[in-house]
Amino acid sequence: MQKFSIICFVLISFGIFAQETTSIKGRVMHRNQGVSGARIEIFQIDPVTADSLGFFSLRVSKTSHQLTITASGYKPMVHHLGENLLEKPILIELDAEPNSLDEVVISGTMRAVRRGESAVPVEVYSPAYFKKNPTSNVFEALQNLNGVRPQLNCNVCNTGDIHINGLEGPYTLVMIDGMPIVSGLSTVYGLSGIPNSLIERIEIVKGPASSLYGSEAVGGLINIITRKPGQAPRFAINGFSTDWGEASVDIGLKTNIGKQVSLLSGLDYFNFSNPIDTNNDNFTDVTLQHRIFVFQKLNFDRASGKLFTIAGRFFYEDRWGGEMQWNKSDRGGDTIYGESIYTNRWEILTAYDLPTRENMSVSLSFTDHDQNSVYGNTRFLARQRIGFAQLVWDKPISKHNLLFGAAVRFQSYNDNTPATANTDETWIPGIFVQNEIKFDDKHNMLLGARLDHNNHHGPIVTPRFAYKFNLTPNDIFRFNVGTGFRVVNLFTEEHAALTGSREVVIQETLKPEKSYNANLNYLKKIFGESGNFVNIEASAWYTYFTNSIIPDYDSNPNQIIYKNLDGFSVSRGISANLDASYNRLKINLGATFMDVAKKESGNWTRQMLTEKFSATWAISYGLPKLHFNIDYTGNLYGPMRLPLLGPLDPRSPYSPTWSIQNIQFTFTKIKDIEIYFGVKNLLNWTPNKNNPFIIARAHDPFDQNVETDASGNVIATPDNPYALTFDPSYVYGPNQGIRTFGGLRYHLN
């Protein structure tokens, strides 16, 4: 806290002096067009608003340093004044705000299109949004997105996946630059190795997208778009630490190799080596981690202006959790319990526009994921390789925007479990076609279909239909109907089996899951004076699943049973987002109400670890005269059904309504530097509240004192009155309490 006290002292000591003023004129522009209603502010001077052509006039002090310019739909900008203030006019060029409706998106239709013109609703989030609550990786950063929840799957190793609208992680396809290289085993750890500084934006599509992207895009997709070298700063660094002992450093560097090649390099390092046990169960509350990530992206400037990039990244992580006295010499032993995971992962991907008159492009990627995990005395050794190639032809004809594509995906997987006695190799070639028809300024329609052939399951067809209607320029309706499929891979490291005593039982040959989805979306835009605006977006959805494969924890507390559901499951709900800006106040609010359940043998059962309702918010307020910004972020989740170990288990069968809230203060007085500090988890919420324990039998992790009957069922004894075995899978939220943080960002353009 001493560093924070020094920062506060500097801010309080900042003096305000009367200064002589003069008049300046200028114009706010974007792509050679004036920005109407832009707000121009300077310290101690009343702000002014640009006219309809972007022109403004302002009196400033002769010792003034900078102007702050804000406008609806554009990134806020700080313009530093030169020594000669009388130079006229001052030309200020604004960049479009990635959260605006005019931002170009690609995930909905695999074509670059303005977000407001896309027939498929796409949510877009910029790095500026994630800066409101700094995190060390993308997985944690997603916690403040409406309808998107990072779900922890293990109390000891803290691995997890991403839920969209209540659906489990395997239903979400995660892509990097449009290529599906985070899937299967790598979904569990791949997201932890993507630093926020290399991200240009994140696009999210909720609902099936298999007609374009194939398997795993059943519940939705997350497309992480990395920066282009030409758009990145020459040098950037972001580092922060917490009073728990976490340290994160993120470095970006842009260099030119000759006149036609630019290189973007990134280095991300995270370290947490401070075992903490606040709930006194002798287990680490948070997994200890040592992580390093290296990223390289080459961009070739071609005379034709066509795209050619090559990127690669390497990720290494050493993480462990367990009993407080554990060390590496105990790895794999049966005396002191620990879960230790070594991950080595590398990727290479390239995008190339063919040198033809037609708009054709090729994308290639390859991923190698090697994992060495130990859960107590249980070893899990796995190797996964994914190759991906895709050819796309974008062909506009009159009012038709045609898109043709062919893709092939190869996956090789092997581990040391009996489920994969031999290396499993899967080939999925596919072809797809899409036609987006623009009838007029108010109506456009999208038709699409994809045919995939899985060498284990045969052909799979996934069609799609979308329709967009502009009632007015500020009232947009979208209706989408689509299908999805998922080829189930149970080798995605089932933590409940590896870290506890539950046995995985596969009762039959599993068939691919299929989903049928309908989604209605409405967007209302309201614009006010001086760049103020309100955007309201609401959606209602219904998804029907056949051949659902949902882990059955209920039939036998000693087993996890997998089979195709003898019935069906559904996901249905409504969600709404509000995005508003009023002068220096910016508000992002979101809420989702949903029901995710299955029907089997005439009985409805609510899905495990799925909340009925959730809410997220990000509220920001700027104090330009003090060069200060305040960000208040948080989330709220309703009760979830939790996995118990039997009828005597004393833990609550449902989680409480819980919330994690954060506040951040950012000081921007110094050119190109941001100093920030704040508090995470203001309410000091942890999941152990109102529960006798979280980890079952933490004092006996190897079940040495557990007694069973002739059928293998656990018997209640004086030492084990609840008839439990060791199990850390009772988890629904992070087990990290309140903590302070502080950091610094610096960038050189």
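Colleague: Is arginine 450 buried or exposed?

Modeller: Arginine 450 is buried, with a relative accessible area of 5%; buried means under 20% relative accessible area, exposed over 50% and partly exposed in between, with a 1.4 Å probe and protein chains only. This is a predicted model, in which local features need pLDDT of at least 70, side-chain atom pairs count only at pLDDT 80 or more, and totals for chains, interfaces and linings use all residues. Residues are numbered from 1 along each chain as its sequence is written, and side-chain values use heavy atoms, with hydrogens and water left out.

Colleague: Which side chain meets arginine 450 in a salt bridge?

Modeller: That of aspartate 452, at 2.8 Å from N to O. A salt bridge is a side-chain nitrogen of Lys or Arg within 4 Å of a carboxyl oxygen of Asp or Glu. Aspartate 452 is buried at 2% relative accessibility.

Colleague: How many salt bridges are there in the whole structure?

Modeller: A search finds 25. One of them pairs glutamate 674 with lysine 131, the closest N and O atoms being 3.4 Å apart.

Colleague: Where do glutamate 674 and lysine 131 lie?

Modeller: Glutamate 674 lies in strand 41 and lysine 131 in the loop between helix 2 (127-130) and helix 3 (138-141), so the pair ties together parts 543 residues apart in sequence. Helices (H or I, at least four residues) and strands (E, at least two) are DSSP runs numbered from the N terminus.
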